[in-house]
Amino acid sequence: MQLRHIERLHERYVLLRLTCNDLLPDMRPGQFVEVRVDGSPSTFLRRPISINFFDRERNELWLLVATVGNGTRRLSQLQAGDVVNCVLPLGNGFSSIDKESHSEGNSVLLVGGGVGVAPLLYQGAYLKSCGANPVFLLGARTKKDLLMLDEFRKYGEVYVTTEDGSEGEQGFVTQHSILQQRHFGLIQSCGPTPMMKAVARYANQQGIECEVSLENMMACGLGACLCCVEKTTEGNLCVCKEGPVFNINRLLWQL
């Protein structure tokens, strides 16, 4: 694939917009890409990155990259025109929705934290195209850590929490007042594991169906190396192959 554009959103985050001479395959919200990192001698394995957005008309894939190590730091240094080797799409994404049960007043809540907001943008666009009403609840440490808010607002209402109170309500996403003010028929979430476990507890207490996108360490992306195994009600499962999206009822978080 070729890098069409790179945008630095934050000192630690960049947005890569990739395209290809051939037509890109269909991709589902929640799936991911394995990216080969060239020019980084210490990076031997591909890096798994969530699909942030897929624009079929422009034949364009967006990847939101957090620079946390040598591999992702090298990706952040790419320039427009560079070739990026990707394996895609991988994994299972968020479930399809029943258009009638999740339309009109029965909204879908999409909860994200940090770089975990990435797959929720494409999911929000999908939900809106189905006639549902996506509501985004996004958390970050500070105002400057909030990402792509204008893009999220294209597809639904956006509510925010920050730990220091610099934007939106102060606290964590599970403390936001919207959870007491509105009823949601479905919650889908991605972000740090403690946040997702708190979201899962809330959903379980309220009897709301909930899916989470796990961020276990992945290497191969194909279920061969077994480094991303998660204990579930069905035994040990590879997150990269069976997930990364799981219904919380399949996980052992509530036990």
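The structure has 12 salt bridges, a salt bridge being a side-chain nitrogen of Lys or Arg within 4 Å of a carboxyl oxygen of Asp or Glu. Side chains of opposite charge can pair when their charged atoms come close. The model is predicted, so local features need pLDDT of at least 70 and side-chain atom pairs count only at pLDDT 80 or more, while totals for chains, interfaces and linings use all residues. Residues are numbered from 1 along each chain as its sequence is written, and side-chain values use heavy atoms, with hydrogens and water left out.

One of the salt bridges is between Arg12 and Asp145, at 3.6 Å from N to O. This pair links distant parts of the chain, 133 residues apart: Arg12 is in the loop between β1 (2-10) and β2 (13-19), and Asp145 is in the loop between β8 and α3 (149-152). Helices (H or I, at least four residues) and strands (E, at least two) are DSSP runs, numbered from the N terminus. Are the two partners buried or exposed? Arg12 counts as partly exposed because its relative accessibility is 32%, whereas Asp145, at 12%, counts as buried. Here buried means under 20% relative accessible area, exposed means over 50%, and partly exposed is in between (1.4 Å probe, protein chains only).

A second pair is Glu167 and Lys143, with the closest N and O atoms 4.0 Å apart. Glu167 lies in the loop between β9 (157-162) and β10 (169-170), Lys143 in the loop between β8 and α3, and the two are 24 residues apart. Glu167 is partly exposed, at 26% relative accessibility. Asp150 and Arg153 also form a salt bridge, at 3.2 Å from N to O. Asp150 is exposed at 59%, and Arg153 is partly exposed at 45%.

Strands of a sheet pair through backbone hydrogen bonds, either parallel or antiparallel. Six strands form an open sheet here, in the order β1-β2-β5-β4-β3-β6, and the pairing is antiparallel. Two strands pair if DSSP finds at least two bridges between them. The edge strands, β1 and β6 (86-90), each pair on one side only. From one strand to the next the twist averages 30°; axes are lines fitted to C-alpha atoms, for helices over the stretch in contact, and angles run from 0 to 180 degrees between N-to-C directions.

Strand β4 (residues 47-55) is joined to strand β5 (residues 60-66) by four bridges.

The last topic is empty space. Rolling a probe the size of a water molecule over the atoms shows where empty space is left. On a 1 Å grid over the protein atoms alone, a cavity is a set of points where a 1.4 Å probe fits but cannot get out; a pocket is an open set with protein on both sides within 12 Å along at least five of seven lines; and lining residues have an atom within 4 Å of a point. Grid points are joined across faces, edges and corners, and a volume is the space filled by probe spheres set on the points.

The largest pocket has a volume of about 1200 Å³. Among the 46 residues that line the pocket, Ala66, Val115, Gly116, Gly191 and Glu215 are the closest to its centre. Strand β4 gives the most to this lining, with four residues.

There are two cavities of 30 Å³ or more. The largest holds about 40 Å³ of space, and its lining residues include Asp145, Gly114 and Leu138. Strand β8 (residues 134-140) gives the most to this lining, with three residues. The second largest cavity also holds about 40 Å³; Leu109, Val111 and Tyr202 are among the residues that line this cavity. The elements that give two or more residues to its lining are β7 (107-113) and α5 (193-206).
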